[in-house]
Amino acid sequence: MTEQIPSSKINKVLIANRGEIAVRIHRACRDLGILSVAVYSDVDRTALHVRFADEAVHIGAPAPRESYLRMDRIIDAAKKSGADAIHPGYGFLAENADFAQQVADEGLIFIGPTPSAIRTMGDKERARTAVRKHNIPLLPGTDAGLRDEDLIAAVKQIGFPVLVKAVAGGGGKGMRAVHDEAEFASALATARREAESAFGNGDVYVEKLLVGARHIEFQILADQHGNTIHLGERECSIQRRHQKLVEEAPSSFMDDDLRQRMGDMAIAAAQAVDYVNAGTIECMVDKDKNYYFLEMNTRLQVEHPVTELVTGIDLVKEQIRIARGRRMTHTQSFLEPKGWAIECRINAEDPYNGFIPSVGKITTLLTPTGPGVRVDSGVYNGYEVTPYYDSMIAKLIVSGETRSEAILRMRRALEEYTIMGVQHNIPFHINLLNSFSFMAGQIDTNFIEQRFSMDTYEEAPTEAELETAAIAATLYAHRQRQLATQVVTPGKRDASNWKWMGRYERMHR
Amino acid sequence: MKYITTINDKQFEIEIGNDGRVLVNGEPREVDFLPLEASLYSIIMNNQSLQVVVGEGDGMYDLMIRGRRYEGKVLDERAQLMLMRGGLGESDSGEITIRSPMPGLVVAIPVTEGEEIVKGQTVIILESMKMQNELKSPRDGTVQRISVVPGESVEQKKILITIV
């Protein structure tokens, strides 16, 4: 590479995260010939991100507040290990402007946007003000910092349904949909409580909730040389309690004209805060293809792999390249996705039991492979899923030439995937992919909660399938019983094996 | 050995001979059933190859075949006989306990001791993996005892609330 002289040296990166995303970032570092430093809490000593890393530094107790959220310990670990840069991943400190500032103050490179861009986009109110100047359409909503009474008054003006959102929110926490006035007070209390416990900030605001709308987001990349591009959209309407479960790129709802307009809007929104590095503009798009800016996520997204598969770009490598001060590889936006990609988030949650999180030791793990299949995982056989962190244990991503090829491939991969020891949501994904609505692309953000259930979408099993299950259960029970008797018998013998053998032979003479 | 096996409420009479032969409701079936790991099996039946995951708990079997979950019960002749005599009868009345499905933090308890509750009513809110989970009553009843307080950390399977 002779085109640009690197302005910043990055030879070693500290990854201030855990799980699959820490592994993902480690891989990009290795692919670039860069060393990686992992950080870990007490319960993550044997986690995959620690096992793979070149160096690993212990940073505290399991609770995030005492480890992965401890800025001082993480920066200390970076300095002690001689890292030049810190990659925050997503969640934890990824969108904490103070952290980005402290990293810079210590003379380290923060692989992400500037503290001021994080601060502006992280404060929903300032973000709306910043993008409004660029004629970017916004949903009707209230200011932040209002008391309950004022919120109730404001909501009557906006009209139900509305969404209560945490100012410091993200990942669906501290977020509640409210459909009429009667539920408003209790939803407000829950959202405040959740926001307080998740972010230490109970402040919320209210936004108009669009019914039947889609969640579509645009991936942005911007370098320090003034180039800002988008890498096309991601369809993220398959959500449950505002947590994305399945993402696709491109969106079956998109057309060339809409992609052009939304892409331009996304670039303008990023430029409104002089954005640098990777970021995502989240939008709601209604049935008539009117779109509204929701927020900007100033970090790498969980669902970034679907964009990678349809653009051929390694987003994490590109992030590091940008942080090094180089020009990014492509300076033209991606208006034509190559093929189709789908991601299913594999969560340790029981889909048959209200999606309750499940903990325990993984006793069997068979990971799908083969053409067009990618698995970004943070677990292995024998790994213990603990209650301290997110329930997402892996992401299964497939690509195909067309959407139907990708769906068929995803079904195949989901059937290959065998995880035992914890409950997981693979049966949910299989049912979802078999539903006609999903196949037809008829989805919106309420689809899972209002029109999908494990019972109604699962075709009743045939007589033959029930019989097969009955035979399997019986053979299993029979086998267990035989094993049990075999184990017990020798211990119960009162005589030595030689005597027993003699008696046996006499009996059968 | 003869078994009465119930899968998703459908009953089958299954006989497994000493030679391993399988009869379903008196008709022979050719089944090749091999263990792969502790609870992972491979079945070949009518040339169909299936991977079966079996879980066991509280006398119930949990099977996963091709991404579909089945719930079943396997009773041998003696257990079946005892059930018919009423020895193992189940009932909808009596005490039930709500246990913590995972380790977590008790966030709120929206009911009080002595309160009449209905099936599906939220009785406790438990936080785990950063999500708040609402545990609901499996049937109508009265809250007899609340064994935890908000703010308390609980282990998996800890008794939280008793309903009569």
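Author: Contact here means heavy atoms within 4.5 Å. The model is predicted. By that cut-off, 51 residues of chain A are in contact with 53 residues of chain B.

Reader: What makes up the area buried between chain A and chain B?

Author: The buried area is about 4900 Å², and carbon and sulfur atoms give 65% of it.

Reader: Why is the pair A:Glu467 and B:Arg29 called a salt bridge?

Author: The rule asks for a side-chain nitrogen of Lys or Arg within 4 Å of a carboxyl oxygen of Asp or Glu. The side chains of A:Glu467 and B:Arg29 meet at 2.4 Å, N to O, so the pair falls within the cut-off. Across the interface of chain A and chain B, the rule finds four salt bridges. It also finds 13 residue pairs in polar contact there, both residues at pLDDT 80 or more.

Reader: Which elements of chain A give two or more residues to the side that touches chain B?

Author: Among them are helix H8 (181-199), helix H13 (426-434) and helix H17 (463-492) of chain A. H17(A) supplies the largest share, 18 residues. The residues on this side of chain A divide into 23 nonpolar, 14 polar and 14 charged.

Reader: What makes S4 and S5 of chain B edge strands?

Author: Nine strands of chain B form an open sheet in the order S4-S3-S2-S1-S9-S8-S7-S6-S5, with antiparallel pairing. Strand S4 (27-29) and strand S5 (31-37) each pair on one side only. The twist averages 35° from one strand to the next.

Reader: Why are S13 and S19 of chain A said to stand at the edges?

Author: Eight strands of chain A form an open, antiparallel sheet in the order S13-S12-S9-S10-S11-S14-S21-S19. Strand S13 (291-297) and strand S19 (373-377) each have a single partner strand, so one side of each lacks a neighbour in the sheet. Neighbouring strands are turned by 25° against each other on average, direction ignored.

Reader: How do you know that strand S12 of chain A pairs with S13(A)?

Author: Strand S12 (residues 277-285) and S13(A) pair in the antiparallel sense over six bridges, and at least two are needed. In S13(A), A:Met296 is the bridge partner of A:Ile281.

Conventions. Residues are numbered from 1 along each chain as its sequence is written. Chains are lettered from A and ligands numbered from 1 in the order in which they are written. This is a predicted model: local features need pLDDT of at least 70, side-chain atom pairs count only at pLDDT 80 or more; totals for chains, interfaces and linings use all residues. Side-chain values use heavy atoms; hydrogens and water are left out. Helices (H or I, at least four residues) and strands (E, at least two) are DSSP runs, numbered from the N terminus. Axes are lines fitted to C-alpha atoms, for helices over the stretch in contact, and angles run from 0 to 180 degrees between N-to-C directions. Buried area is the accessible area (1.4 Å probe) that two parts lose on being put together, summed over both. A polar contact is a pair of N or O atoms within 3.5 Å; within protein, one must be able to donate a hydrogen and the other to accept it, and residues adjacent in sequence count only if both atoms are side-chain atoms. Ala, Val, Leu, Ile, Met, Phe, Trp, Tyr, Cys and Pro count as nonpolar, Asp, Glu, Lys and Arg as charged, and the others, Gly among them, as polar.
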